[in-house]
Amino acid sequence: MVLKPTGYEDGLTGVFAALADPTRRAILTRLKRGDATVAELAAPFSMSQPAVSKHLKVLEQVGLISRSQRATARLSHLEAEPLRAAVGWLMDYRGYWTESFDRLDDLLDDLQGES
């Protein structure tokens, strides 16, 4: 069953919903190397081309890929811009984790000093 991240109030929610699926993440990883047809994208998976097409539709709906026609082939192209918002959101937590690790380091130093 393919979850379709539509109807979300913001693009970030749709991007994270699309990225939640490992097949879609693998497709995006493949598209980093360049445009590809559905057949090329389906090759490493044990699923049909229509199933891969459903994943592509989800990625297209949230703006992570665009699709174009070249002769008889329909190519998928990575659109990385929506990932910028996801990375920005995650980076907001970098300070939190840095502070948490600093506190843990201080605690460990205190505990080692007591022994």
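This is a predicted model: local features need pLDDT of at least 70, side-chain atom pairs count only at pLDDT 80 or more; totals for chains, interfaces and linings use all residues.
The chain holds six helices and three strands, where helices are DSSP runs of H or I with at least four residues and strands are E runs of at least two, both numbered from the N terminus. Read from the N terminus on, the elements run α-α-β-α-α-β-β-α-α. Residues are numbered from 1 along each chain as its sequence is written, and side-chain values use heavy atoms, with hydrogens and water left out.

On overall dimensions, the C-alpha trace spans about 70 × 30 × 25 Å along its principal axes. The radius of gyration of the chain is 20 Å, whereas a compact globule of 115 residues would have one near 13 Å; the value is taken over C-alpha atoms, and the globule rule is 2.2 Å times the number of residues to the power 0.38.

Of the 115 residues, 28% are buried, and here buried means under 20% relative accessible area, exposed over 50%, and partly exposed in between, with a 1.4 Å probe and protein chains only.

Let me turn to two aspartates. Asp-109 is placed in helix H6, residues 94–114, and it counts as partly exposed because its relative accessibility is 49%. Asp-92, by contrast, lies in the loop between helix H5 (81–91) and H6, and is exposed, its relative accessible area being 62%. The C-alpha atoms of Asp-92 and Asp-35, which are 57 residues apart along the chain, are separated by 32 Å.
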